[in-house]
Amino acid sequence: MIRSEILGTGSYLPEKVVTNKDWEKMVDTSDEWITTRTGIKERHFAAENEATSDLVVEASKKAIEDAKINKEDIDLIIVGTISSDNAYPSTANWVQKKLGIKPIPSFDISAACSGFLYGLIVADSFIKIGAAKKVLVAGAEIMTRIMNWEDRNTCVLFGDGAGAVVLGPTDEDKGILSTYWGADGNLGDLLKQPAGGSAMPATHETVDKKLHAVYMEGNKVFKHAVLRMQEAAIKALELANLTGNDVDLYIPHQANIRIIEATIERAKIPLEKTFINIDKIANISAATIPIGLDQAKKTGRIKPGDNVLMSAFGGGLTWAGIVVRF
Ligand code: UT7
């Protein structure tokens with residue numbers, strides 16, 4: 001039976017760090033509010049000359065090196081992002097160009113914070129049917145480019161960065177054991193970037209009203225986030241015939257420490273087996289999980305044979321859960 005295994009990981013965080021204390025000087029907020037309500041302490045901001053594809057390129061170079069493959073072996077590129085370089089071409093197209101890889105299929109996935117896991121699920125399917133042998137899957141965002149700096153409810157929550165993996169086939173007892181995903185467009189209005197698309201093209205008015213920025217009804221999203229994160233984690237475990245006890249490491253999407261705590265309580269996963277970096281990177285939407293995966297791997301928190309659970313939730317609304325054995 002062919003499964004997909006993660007051959008290598010990489011991540012990139014822009015140099016500039018913005019702390020909660022820095023935010024106190026910019027909007028009406030406090031370190032105390034941000035820390036207690038979310039768990040966030042600091043986040044990275046991309047430099048002015050960096051586009052989302054540049055972040056992917058940095059993360060991808062490390063993932064390709066870690067996978068010990070030649071970049072010419074890659075036959076598919078998938079990037080999860082909601083802050084692409086342009087409306088089109090896709091960020092993945094720019095990545096193919098900037099990495100200097102031969103013309104191969106490359107496309108973006110728009111599933112907000114679930115974008116990387118959606119990408120992994122798609123890549124896994126291509127590998128299982130033999131349509132791809134080495135897939136570069138990334139999650140990347142420059143969220144600070146799509147923020148309304150006057151909306152303190154939302155702007156303090158996000159940061160910038162990218163993570164990438166190389167996926168390839170294996171016939172050993174490891175790799176992606178289960179995948180679970182879902183979406184509910186009925187709740188799409190709770191978290192969206194209202195203007196700039198065909199429904200509301202850019203005008204002076206949309207710019208003045210800051211409708212090209214992320215709009216989130218945080219409180220309502222929170223309730224769905226808790227339920228769907230729990231559902232995604234538990235279903236992915238069930239599909240892999242595992243329970244919370246079998247999890248060696250859980251890498252949750254990092255939107256709010258309170259969502260993570262509620263999820264691990266319900267899925268019966270101990271806190272010490274949960275990877276938490278929200279304090280350092282905040283919410284980087286689709287980039288959050290691949291960055292966590294890379295950091296966990298490079299710091300020795302993932303060993304051969306470990307069962308790693310990942311689950312995410314985001315705008316759409318979308319959600320996904322995956323179990324991978326290393
Ligand atoms: O990435 C995946 C999708 N996103 C999520 O999963 C995010 C889900 N939502 C959340 O994490 C939380 O709802 C937030 C962190 C966004 C907000 O936390 P909350 O505990 O739900 O706060 P709230 O929206 O109920 O606001 C409580 C109070 C309000 O004041 P009043 O009306 O009680 O006087 C807000 O105005 O906190 C106020 N507030 C702030 N105060 C200081 C909101 N933002 C700030 C701020 N600094 N930055």
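A111 touches Y118, G315 and T318, leaving aside residues up to four places away in sequence; contact here means heavy atoms within 4.5 Å. A111 and G315 stand 204 residues apart in sequence, yet their C-alpha atoms are 6.8 Å apart in space. A111 sits in the loop between β5 and α5 (115–128), where helices (H or I, at least four residues) and strands (E, at least two) are DSSP runs numbered from the N terminus. With 3% relative accessibility, A111 counts as buried (under 20% relative accessible area, with exposed over 50% and partly exposed in between, for a 1.4 Å probe and protein chains only).

A word on the model: it is predicted, with local features needing pLDDT of at least 70 and side-chain atom pairs pLDDT 80 or more, while totals for chains, interfaces and linings use all residues. Residues are numbered from 1 along each chain as its sequence is written, and side-chain values use heavy atoms, without hydrogens and water.

Now to the pockets. On a 1 Å grid over the protein atoms alone, a pocket is an open set of points where a 1.4 Å probe fits, with protein on both sides within 12 Å along at least five of seven lines; lining residues have an atom within 4 Å of a point. Points are joined across faces, edges and corners, and the volume is the space filled by probe spheres set on them.

| Pocket | Volume | Lining classes |
|---|---|---|
| Largest | about 870 Å³ | 17 nonpolar, 16 polar, four charged |

The largest pocket has 37 lining residues, and I82, S83, S84, I146 and Q193 are the closest to its centre. Both β5 (106–109) and β9 (191–192) give two or more residues to this lining. Domain 1 (3–172) and domain 2 (176–325) each supply at least three; the domain bounds come from an automatic or database assignment.

For the second largest pocket, 24 residues form the lining, with L157, M216, G218, F222 and N256 the closest to its centre. The largest share of that lining, six residues, comes from α8. Because both domains give residues to the lining, the second largest pocket lies between them.

Finally, the cysteines: the count of disulfides (cysteine sulfur pairs within 2.5 Å) is zero. C155 is in no disulfide, as the nearest cysteine sulfur, that of C113, is 16 Å away. C155 is buried at 1% relative accessibility, and C113 is buried at 10% relative accessible area.

Definitions and conventions: Ala, Val, Leu, Ile, Met, Phe, Trp, Tyr, Cys and Pro count as nonpolar, Asp, Glu, Lys and Arg as charged, and the others, Gly among them, as polar.
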